[in-house]
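Have the sequence and the 3D view open as we go.

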Amino acid sequence: MKKFFTLIALFAISTCAVMAQNQILNGGFEDWGVDKGNTPKSGETVSTKVSEPRYWHSFSSASGGWAFMAGDHCFISTDAHSGKYSACLKSTKILKYVANGTLTTGRLNAGDMNATSTSNHSELDMNKTAKDRNDDPFYQVMTGRPDSIVFWVKYSTGAPGTKANMSAYITDGTYYQAPEDKTYENKVGWAENPNIEPCTEWTRISVPFTYADNNLDPIAILLTFSTSAIPGVGSDKDILFVDDVELIYKGDVNGDANININDVVSLVNIILGNQNDYDIYKADVNGDKSININDVVTLVNRILGN
Ligand SMILES: [Ca+2]
Ligand SMILES: [Ca+2]
Ligand SMILES: [Ca+2]
């Protein structure tokens, strides 16, 4: 009888989880919305026209008094890790200043000529009603608590020592900006990597999330990639390709960004040898680098909230 109620509980959790938005939208950069026509010509890997992938934003949709000066930084590329396309970010020089190539799920604000000013930032604010060219808001709803974020990059810089940057902040949906201009109490969790090294081959990077000890619910995510971790530092030859951005939930064995009874079924099938195609980062629930019955126990306990 106890087993029966356990199963009922698992199905109830599974039904609720369907309602949530737990993954990055267009993390594979295959959908370029109204910019679809800007695909590279034959022989090119990167479009020469400025583009914005759907649900992502660069300087062409930036707010702020200096947005008109920021130039073009984001382009559609056929140099993809998977699928047809990736996003290519390029830095530029404006007068004597280096402007980093930046792409965000929020909105960029170019508020100051001085690159180090926090008036230059990416921001997330679900109270703002502005829409982008695809009629989408300048934020992505994200209600999960992922264990880590994984993405693939190729990166080159004209100024040795420069590192590219990824930052992800899960918030309660109220105003937040990165870099911060004051202390914010509305962060639920964060993952940052300001040390992305140059690499000529597609390279997988995984960054764990840290969670704040507060009672806030995750509502939205501000995810930003930049050609340089330090504003205004770098060269006008820094190029960052990004593809296959994914939030990882340990235990999401079937990869649908929800953790429920279907994942237990998948995990059992993997252990029985009935399923050979799986992601070890998701299936190794207890993180000991092997997949066995202990992962099933950990996963069931996780689903039941034990
Ligand atoms: Ca892709
Ligand atoms: Ca799942
Ligand atoms: Ca394991």
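Let's start with strand E7 (residues 120-124), which is mostly covered, with 5 of its 5 residues buried. Strands (E, at least two residues) are DSSP runs, as are helices (H or I, at least four residues), and they are numbered from the N terminus. A residue is buried if 20 or more other C-beta atoms lie within 10 Å of its own, exposed if 12 or fewer do, and partly exposed in between, with the C-beta atoms placed from the backbone.

Before going further, some ground rules. This is a predicted model, where local features need pLDDT of at least 70 and side-chain atom pairs count only at pLDDT 80 or more, while totals for chains, interfaces and linings use all residues. Residues are numbered from 1 along each chain as its sequence is written, and chains are lettered from A and ligands numbered from 1 in the order in which they are written.

Back to E7. Asn-120, Ser-122 and Leu-124 point one way from the strand, His-121 and Glu-123 point the other way, and all of them are buried. E7 belongs to an open sheet of 3 strands, in the order E6-E7-E11, with antiparallel pairing. E6 and E11 stand at the edges with a single partner strand each, so one side of each has no neighbour in the sheet. From one strand to the next, the twist averages 35 degrees; for such angles, axes are lines fitted to C-alpha atoms (for helices, over the stretch in contact), and values run from 0 to 180 degrees between N-to-C directions.

How do the strands line up? Strands pair if DSSP finds at least two bridges between them. Strand E6 (residues 107-110) is joined to E7 by 4 bridges, and Arg-107 stands opposite Glu-123. On to strand E11 (residues 176-178), which pairs with E7 over 3 bridges. There, Glu-123 stands opposite Gln-177, and Ser-122 has Ala-178 as its bridge partner.

Now for another sheet. This open one has 5 strands in the order E1-E2-E16-E9-E13, again with antiparallel pairing. Strand E1 (74-77) and E13 are at its edges, each with a single partner strand, so one side of each is left without a neighbour in the sheet. The twist here averages 30 degrees from one strand to the next. Strand E9 (residues 148-156) and E13 are joined by 7 bridges, with Trp-152 opposite Arg-204 in E13.

Stay on E13 for a moment, as Glu-201 lies in this strand (residues 199-208). Is Glu-201 buried or exposed? It counts as exposed, because it has 8 C-beta neighbours inside 10 Å.

Of its 56 residues, Val-153, Ile-221, Leu-240 and Val-242 touch the most other members. Strand E16 (residues 239-248) gives the most to this core, with 7 residues. Domain 1 (33-248) and domain 2 (252-304), with bounds from an automatic or database domain assignment, both give residues to this core, so it lies between them. Apart from this core lies another, of 7 residues, among them Ala-62, Ala-70, Ala-99 and Ala-110.

Methods. A nonpolar core is a set of buried Ala, Val, Leu, Ile, Met, Phe, Trp, Tyr and Cys residues joined through C-beta atoms within 7 Å.
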